[in-house]
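Here is a short briefing for a first look at this structure. Keep the sequence and the 3D view open while you read.

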Amino acid sequence: MSDSDLTPSDDEPEVSPTSASDSPLDTEPVSASPNEPPPEEPSEVEPERADQAPPDEPEAPEVAEAPEAPEVAEVAEVAEVAEAPEVAEVAGPSPATSSPGREGVRAASRVAAALVLAMISLWVGLIWGREKGLREGKEAPAGTPAAPAEPTVWTCSMHPAIKLPTEGACPICGMDLIPLKKDSGDQEPRVLKLSAAAAALAEVETIPVQRRAVSREVRMVGLVDFDETRLHYVTAWISGRLDRLFVDYTGSLVHKGDHLVEIYSPELLTAQEELLQALRAKRKLQGSSSKFLRETAAATVISAREKLRLWGLGVDQIAEIERRGKTTDHVTIYATAGGVVVHKNKNRGEYVKTGERIYAIADLTKVWVKLDAYESDLSVVRYGQKVSFQAEAYPGETFEGQVVFVDPVLSGHTRTVKVRLNVDNARGRLKPGMFVRATLRAPVDSQGGILASEVQGKWICSMHREDIHDEPGLCTVCGMKLVKVESLFPTQEGGDELPLVVPASAVLWTGTRSLVYVRRPGTTEYEGRVVVLGPRAGGFFVVREGLEEGELVVTKGGFKIDSALQIEARPSMMLPESGPAMPVRRASSPAFLLALDPVYAAYLASQAALTKDELEPARVALTNLVEAVRAVDTKLVDGEALGAWLAVAKRIRDAAAEAAAGSGIAEVRVQFAPLSVALLKLERGFGHRAGQLSEAFCPMALDNKGAPWLQEGSKVRNPYYGASMLGCGDVKATFESRVAGDAAPPAHDHSGQDSPGPTTKPPSGPGDLPEDSGALRSRLTELVKGYFALQTDLGKDRANGSEHAGALLASLAKVETEGLAPGVRDDWLEKSAPALKAQLERLRSAKAIETERVIFHDLSKTLDSLLSRVGVPPGLTVRRFHCPMAFDNTGGNWLQADERTENPYFGASMYRCGSETKVLEARPAAAKVWTCTMHPQIREHAPGKCPLCGMTLVPAKKEK
C-alpha cells in the first residue's frame with residue numbers, strides 16, 4: 001500500500017466514532033477524528049468482491065452463506081481476506097453519488113459486513129481444524145463436543161498408596177508428590193514397557209540364559225605341616241653316655257647312613273666281649289667230635305651278633321669287631337632315614353636310657369597342607385579333588401595339592417573341619433608353618449550337585465588313601481589289598497547335560513524369593529518372574545525352575561525396573577503378594593473369651609496412649625496388661641489350647657513388663673513391637689469376644705525394620721511415631737469378633753495343611769483311644785522308615801520329595817484295618833489316613849525343596865500326633881526334635897531316629913540347629929495323667945514341671 005492510498009480524500013464522508021468501534025474484528029485503535037475520513041479501500045480487493053450487491057443495496061446475504069465444504073484454495077483465499085483490516089469496510093456507493101440520507105444505511109452495512117466476516121473466520125477455523133485432524137488421522141465425529149481433560153492424580157514415589165487430586169507434599173514422609181502415570185488398561189500388572197531411549201537411559205543390560213560349565217568355589221586358609229608318615233625319630237637302643245654329637249643343631253640336612261652320635265655304654269662292652277668269647281669257643285670246638293658242642297658254639301656266636309645288632313650296631317661294625325678281636329668302648333649310631341633334623345632332644349655328655357629320643361628327622365620332599373573348611377562348604381569338598389593355593393613367600397605363584405583326608409570331627413570353637421592336602425615339595429620351597437590361601441573349584445551338574453572327582457574309577461588303600469593306582473593290586477606302604485574309590489567315597493553322577501545358569505547380578509532377593517526380570521523377544525517389555533535357584537557357582541546361579549535356555553534376563557537395571565513399577569503403583573516383584581492369613585484357631589469357650597477382654601482393653605489403651613505421645617498413661621496401661629494376663633483363669637481352657645495360652649501369655653507378660661520399664665517413650669515403643677506380635681498371635685489363635693480389630697503395619701518403624709500392631713477400626717493410628725507420622729502404615733488384616741464357643745479350625749492352617757474335615761468325635765490326644773492300639777502300631781513300620789528317609793534327604797538338601805511321596809503312599813496303602821479295634825479303626829480311617837494321604841499327594845507335586853519342607857512340617861505334625869496316640873512301631877526309636885528358628889522363627893518340630901540333630905528345615909546351612917525334646921513311647925500309658933498339687937487344673941500325659949509354678953508334677957488320682 002502506497003503513501004497516497006493513506007491520504008484522506010476531501011470528498012469522502014466522515015466516519016462517526018460509534019460506527020468505527022462497532023466492528024468486532026478491529027484489533028488496532030481507529031482514529032475517531034471527525035475531520036479525518038476513513039482510509040480508502042485498496043484496489044486489489046475490488047476484483048474479489050465483484051459479486052457483491054450494488055451500492056444501492058447494502059445487504060449482502062449471499063456472503064453470509066459460506067459454502068458447505070469449500071476447497072482448500074478457497075479457504076486460503078477467504079482466510080486471506082479475513083486477515084485484511086480493510087475488508088471491515090464494505091464497498092459502498094461513490095462519495096460523489098452518495099446522499100446524506102443513506103449514511104445510516106452505510107453504517108448498518110458496515111456492521112453487517114463485520115458480523116459476516118466474523119462468521120466466515122469461525123467457519124474457516126473449523127474447516128482448517130477438520131482438515132488438520134484428517135491429515136493426522138484423528139478426526140472427531142461430527143457434532144461431538146471436546147472431551148474434558150481427565151484430572152491429574154498425584155502420588156508419592158515412596159508411598160504409592162497415596163493418591164491425591166492436587167499436588168503438594170506427601171502426608172506420610174513429606175516428599176513432593178508426582179503425577180501418577182495411568183495404565184493403558186491392557187498392560188499386564190507385572191510387566192514394564194520402556195522405549196528404546198528409556199531403556200538406554202536406565203542402562204538396562206540383558207544376557208541370554210545359557211547352559212555352561214560352572215564350578216562352585218570354596219576358599220580356605222591353612223598352614224603347611226610335616227608329613228607325619230615321613231617323620232623319623234633317632235632313639236637310643238642302649239643306655240649310655242653321649243660323648244659326641246656329629247649333628248649338633250636343629251635344621252641340619254642328613255642323608256640315610258650318615259653318622260649322628262657316638263655313645264659310650266658299659267653294657268655294650270660286655271656284649272662285645274661275649275661275642276669275642278663265643279668266637280674263640282667256636283674255633284676251639286671246630287675239631288671236636290661232639291656235634292652238639294659244635295652246634296652250641298655256633299648258636300652262641302649268632303646270638304651274640306644279633307644282640308649287638310639289636311643295640312644299634314651295623315653289620316659292618318660287628319664284622320670290624322670280629323676282625324680286630326678287640327672290644328671298643330664307643331659305638332656310632334647312624335641315620336636310618338634322610339631329611340632335616342627338626343628337633344634335637346639331647347646334648348653332648350648327657351646320659352640316655354634305652355628308647356629315649358635323640359633326634360627327630362623329617363623328610364620334606366612331601367608335605368601336608370592342613371586347611372580349615374567351614375561347615376557350610378563341606379558338601380562341596382570331595383576326596384581326590386585338586387586344590388590350588390598360594391603362599392605369602394611366593395606372591396603370584398600357585399601350588400597344587402590333592403585332598404586325601406577330611407577330618408571326621410568338627411571343631412566346636414571355630415565351626416570348621418580340617419581338610420588335608422598331600423603336596424609334592426621336591427624343591428623344598430614349602431616350609432612347615434607357612435600360611436597359605438587355597439581355592440577349591442568343584443564343577444557342578446545340571447541340578448547343582450558336585451560332579452565326580454578325578455579319582456573316580458581308580459584303586460586306593462583304605463589305610464593309606466594317598467596311595468592311588470589305576471589298576472587293582474597291593475598297597476605300596478602296608479601291602480593291603482587295594483579297593484575301588486567308589487566303595488569308600490560314593491558319588492552320584494549328574495549326567496552329561498550342562499547346568500542352566502544366570503549371572504548372579506540378575507537375581508533380586510526378597511529374603512524368601514528369588515526374582516529376575518526377563519526381556520520379551522523383539523520388544524522392550526520387561527516381565528518379572530519368580531525362579532527357583534540351585535547353589536551359587538562363582539559368578540552364576542544354577543537355575544532349577546522358572547527360566548528357559550535362550551531367554552534374556554536383565555543383569556543391570558533390575559532395581560530400576562522394579563522401582564518404576566512401584567512408582568506407578570503397580571504390583572512390585574520385590575513386595576510379596578498379600579493373601580489372607582490362615583491361622584491355627586484354638587477352641588475358645590465364651591467364659592475364656594470374656595476373661596480375655598481386660599487383656600485386649602489394656603493393650604489397646606497402651607496403643608492409644610502411644611499414638612498420642614503420652615508416656616505415663618502408656619506405662620499404666622502396660623502394667624494393667626501384665627495383671628490382666630495373670631488374672632486369666634487357666635481352668636477355662638484345657639488340652640492343647642492350654643499349652644498355647646500359657647506360651648503366648650508368658651510372651652505378653654514379659655514384653656509388657658519390659659515396655660513398662662522403659663526409661664523413655666522411645667524405649668517403650670521398641671518393646672511395644674514384640675508385645676504386638678504376641679497379641680496378634682493371641683488374636684489369631686483364640687480371637688476376641690466383641691467388636692472389630694485390625695492388624696496394621698508400618699514399614700518405617702524401628703529404623704525401617706518395620707513393625708505391626710493391633711488397633712480398633714481401620715483408620716491407621718501409628719503407635720511408633722505418634723503425632724509426627726500418625727497415619728504412616730497400612731491395614732493388613734481385620735479380625736471380626738469370634739462367635740462364642742466356635743472351636744472349629746479353619747479349612748487351612750498357617751502352613752497350608754489340609755484339615756481332615758469334621759468328625760463326630762472330638763480330636764484325639766495321647767491316651768484318648770479306649771481300645772488297644774498295638775495292632776495298628778505294628779503296621780506303621782514301613783511308613784515311619786519312609787518318613788525317616790525323607791527327613792534324611794531334606795537334611796542333606798536333596799529334593800527327592802516326589803520319590804519319597806510315592807513310596808510313602810504305597811506304605812500307607814498297605815496298612816490294613818482288618819482286626820483293629822473299632823475306636824482305633826475309626827480314628828485311622830477318619831482322621832490319620834486321610835490327612836497323611838492329602839499331605840503326601842501335595843508332596844508328590846511339589847517342585848521346590850522349600851515347598852517340600854513346608855509340607856514335611858505338616859506331615860511331621862500328623863505323624864507325631866498319630867504315634868503319640870498309638871505308640872512307636874516295634875524295633876524303632878522315634879525322637880521328637882524342635883528348631884526354634886524354622887519358618888521365620890516360628891519354630892518347627894520333626895521326628896528322627898538318630899540322637900544327633902539333623903535339621904530338615906535348614907539343611908547344610910544349619911544342619912545341627914535344634915535339640916531333642918522327647919523320645920516317643922513305644923506303648924503310651926493312656927490312663928495315667930499327671931497334675932500339680934498347687935494347680936490341679938494342669939493335666940499332662942507325661943511327668944515334668946508345672947508350667948505355672950515349676951513344681952514337679954505328680955500322678956493324678958482317678959475320679960470315681
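The protein's secondary structure comes to 21 helices and 37 strands. The model is predicted. Of the 960 residues in the protein, 38% are buried. Take the contacts between residues at least 6 apart in sequence: 67% of them join residues at least 24 apart.

**The barrel**

- Six strands form a closed barrel: 6 strands in the order 7-16-19-18-17-20.
- The pairing in this barrel is antiparallel.
- From one strand to the next, the twist averages 40°.
- Strand 7 spans residues 215-226, and strand 20 spans residues 435-443.
- These two strands pair in the antiparallel sense over 9 bridges.
- Arg219 has Thr439 in strand 20 as its bridge partner.
- Strand 7 also pairs with strand 16, residues 366-374.
- Here 6 bridges join the two antiparallel strands.
- Gly222 has its bridge partner, Leu371, in strand 16.
- Strand 17 (residues 386-391) and strand 18 (residues 399-406) run antiparallel, joined by 4 bridges.
- Ser388 is bridged to Glu400 in strand 18.

**Strand pairing around strand 13**

- Strand 13 covers residues 339-344 and pairs with strand 10, residues 253-254.
- That pairing is antiparallel and has 2 bridges.
- Opposite Leu253 stands Val340 in strand 13.
- Strand 13 is also joined to strand 15, residues 357-362, by 4 bridges.
- Strands 13 and 15 run antiparallel.
- Val341 has Ile361 in strand 15 as its bridge partner.

**Helix 6 against helix 8**

- Helix 6 takes in residues 266-284, and helix 8 takes in residues 315-324.
- Their axes lie 10 Å apart, and the packing angle is about 55°.
- The two helices are therefore oblique to each other.
- The crossing of helix 6 past helix 8 is right-handed.
- On the helix 6 side, the contact uses Gln272, Leu275, Leu276 and Leu279.
- On the helix 8 side, the contact uses Ile318, Ile321 and Glu322.
- By class, this contact of helix 6 with helix 8 holds 5 nonpolar, 1 polar and 1 charged residues.

**Helix 18 against helix 19**

- Helix 18 runs over residues 801-813, and helix 19 over residues 822-844.
- What angle do helix 18 and helix 19 make as they pack? The angle is about 155°, with the axes 8 Å apart.
- Helix 18 and helix 19 are roughly antiparallel, because an angle over 145 degrees counts as such.
- Helix 18 makes a left-handed crossing as it passes helix 19.
- Helix 18 brings Gly801, Ser802, Ala805, Leu808, Leu809 and Leu812 to the contact.
- Helix 19 meets them with Trp828, Ala833, Leu836, Lys837, Leu840, Glu841, Leu843 and Arg844.
- The residues of this contact divide into 9 nonpolar, 2 polar and 3 charged.

- Ser606 sits in helix 11, residues 590-611.
- Is Ser606 buried or exposed? Its relative accessibility is 0%, so Ser606 counts as buried.
- Beyond its neighbours within four places in sequence, Ser606 is in contact with Ala618, Ala621, Leu622 and Phe672.
- Glu616 belongs to helix 12, residues 615-631.
- Glu616 is partly exposed, because its relative accessible area is 46%.
- Glu616 and Ile665 are 49 residues apart in sequence.
- In space, the C-alpha atoms of Glu616 and Ile665 are 9.0 Å apart.

**Glu940**

- Where is Glu940 placed? Glu940 lies in the loop between strand 36 (930-931) and strand 37 (954-955).
- Glu940 counts as partly exposed because its relative accessibility is 34%.
- Leaving out neighbours within four places in sequence, Glu940 is in contact with Val929, Trp930 and Leu953.
- Glu940 is 11 residues from Val929 in sequence.
- From C-alpha to C-alpha, Glu940 and Val929 are 5.7 Å apart in space.

Technical notes
Residues numbered from 1 in each chain as written. Predicted model: local features only at pLDDT ≥ 70, side-chain atom pairs only at ≥ 80, totals over all residues. Heavy atoms only, no water. Pairing = 2+ DSSP bridges. Axes fitted to C-alpha atoms, helices over the stretch in contact; angles between N-to-C directions. Parallel < 35°, antiparallel > 145°, perpendicular 65-115°, else oblique. Left-handed = near helix turned anticlockwise from the far one by under 90°. Contact = heavy atoms within 4.5 Å. Nonpolar A, V, L, I, M, F, W, Y, C, P; charged D, E, K, R; others polar. Buried < 20%, exposed > 50% of the residue type's maximum accessible area, 1.4 Å probe, protein only.
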